[in-house]
Amino acid sequence: MTTINRNVLTLDEFTIQQLRDFPHATGELSGLLRDMGLAAKRVNVEVNKAGLVDILGDAGTINVQGEDVKKLDVFANNQFTGVLQHGISCAGIASEELDEHVAFDDAVSKNSKYVCLYDPLDGSGNIDVNVSIGTIFSVYRRVSEKGTVATKEDFLQPGRKQVAAGYIVYGSSTMLVYATRRGVNGFTLDPSIGEFCLSHPNIKCPEFGKIYSVNHGNFFQYDQAVQKYIDVCQKKNKDTGGPYTQRYIGSMVADVHRNLIKGGIFMYPGTIEKPKGKLRLLYECNPFAFIAEVAGGRATNGKERILDVQPTELHQRSPLFIGSRGMMDELDGCLNGKE
Ligand code: AHG
Ligand code: MN
Ligand code: MN
Ligand code: MN
């Protein structure tokens, strides 16, 4: 039995401590992160007993993405939406599971600074088989006037405008990781006290890694330059340590989290049938691109930096290549025909 270190900071203590460097800060962002942590704990409780209560399986509906909605997708979406609606920091939300954005119209919310976008449950396909799943979120300062309801423009901002982004992984332990421009920090849920505690301060993505993550089943659907890079990953190479190890869980949160910590590259390229791939720019690509860049990594859609893409629709999809800087450079060599 290991002893749990009680000297570590909790998520609330950490965010409040960060405020000390900004005497004019209102604490609204800390409040929003606390709200996300609270909703995550509620989702975590359900995920942990998923086989015992009636939470597994399909909800019987299809979402705006054309996917079968799981009961846990709905539960998680309601928890995050409810907590943010009752908090004091968030003027409105957009979610993978909702057709349109929701602008909160009560007096407190109308005066809030931020909007939040999320994928409430990532890796839904893995829920029923007890494999790690997650939540991904993105926070922007609203561009509409305070005192009014949030507008669609608040949600359609390029990713570089994010003030914070984060994810929760419901895995062998539950972790919340979030980034602001100042750094990326990870907190592990201590179930005995119900608090997220700082366990991974100042996360940096190693410049090189030995893991590549891609759905190999789609190999012949990818364009030739992507196939060429996958070949590079599989070839013996004494300079890079290749062949790399292939790892693909099928829950983006878990796959990208592992590669962020250990070093690696994650790819969800476009396919012949779906040239924009599967992942959603606003709920999946942007938050992870922001986290990766703050941690020293990179993220592109194969042509341009993810964070520079101007979104035109809430649910738009984008190819994604993300990970260690050195491996991203190697990929660029193939995509630009230099390898
Ligand atoms: P979601 O469950 O939120 O709809 O997202 C699932 C995504 C992502 O988590 C994962 O990386 C990807 O789907 C896996 O897709 P494939 O099965 O096509 O590889
Ligand atoms: Mn989905
Ligand atoms: Mn997802
Ligand atoms: Mn989802």
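This is a predicted model: local features need pLDDT of at least 70, side-chain atom pairs count only at pLDDT 80 or more; totals for chains, interfaces and linings use all residues.
Local features need pLDDT of at least 70 and side-chain atom pairs count only at pLDDT 80 or more, while totals for chains, interfaces and linings use all residues. Residues are numbered from 1 along each chain as its sequence is written, and chains are lettered from A and ligands numbered from 1 in the order in which they are written.

Colleague: How far apart do the C-alpha centres of domain 1 and domain 2 lie?
Modeller: The bounds come from an automatic or database domain assignment. That assignment gives domain 1 (11-203) and domain 2 (211-336). Between their C-alpha centres the distance is 23 Å.

Colleague: How do the residues of the side of domain 1 that touches domain 2 divide into nonpolar, polar and charged?
Modeller: Contact requires C-beta atoms, placed from the backbone, within 7 Å; on that basis 36 residues of domain 1 are in contact with 30 residues of domain 2. On the domain 1 side, E5, E6 (133-141), E7 (162-170), E8 (174-180) and E9 (183-190) each supply at least two residues, strands being DSSP runs of E with at least two residues, numbered from the N terminus. Ala, Val, Leu, Ile, Met, Phe, Trp, Tyr, Cys and Pro count as nonpolar, Asp, Glu, Lys and Arg as charged, and the others, Gly among them, as polar. The division is 18 nonpolar, 13 polar and five charged.

Colleague: From which domains does the shell around ligand 1 draw at least three residues?
Modeller: A residue belongs to the shell if its C-beta atom, placed from the backbone, lies within 6 Å of the ligand. Among the residues found are Glu-67, Glu-96, Asp-119, Asp-122, Asn-215 and Lys-278. The shell holds one nonpolar, five polar and five charged residues. At least three residues come from each of domain 1 (11-203) and domain 2 (211-336).

Colleague: What is the largest C-alpha distance among the "binding site" positions from UniProt?
Modeller: The unreviewed UniProt entry places this feature at Asp-119, Asp-122 and Glu-284. Although they spread over 166 residues of sequence, they cluster in space, with a largest C-alpha distance of 8.7 Å. UniProt positions are given in the numbering used here, feature names are shortened, and annotations may be inferred rather than shown by experiment.  The value asked for is 8.7 Å.

Colleague: Is Asp-119 buried or exposed?
Modeller: Asp-119 lies in strand E5 (residues 114-122). A residue is buried if 20 or more other C-beta atoms, placed from the backbone, lie within 10 Å of its own, exposed if 12 or fewer, and partly exposed in between. Leaving aside neighbours within four places in sequence, the contacts of Asp-119 include Glu-96, Arg-280 and Glu-284. Because Asp-119 has 28 C-beta neighbours inside 10 Å, it counts as buried.

Colleague: Why does Asp-122 count as buried?
Modeller: Asp-122 is also found in strand E5. Not counting residues up to four places away in sequence, Asp-122 touches, among others, Ser-251 and Met-252. Asp-122 is buried because the C-beta atoms within 10 Å number 29.

Colleague: Which residue of E15 is the bridge partner of Met-267?
Modeller: Strands pair if DSSP finds at least two bridges between them. E11 (residues 211-213) runs parallel to E13 with three bridges, and E15 (residues 320-323) is antiparallel to E13 over four bridges. In E13 (residues 264-268), five of five residues are buried. The partner of Met-267 in E15 is Phe-321.

Definitions and conventions. Two residues are in contact if their C-beta atoms, placed from the backbone, lie within 7 Å.
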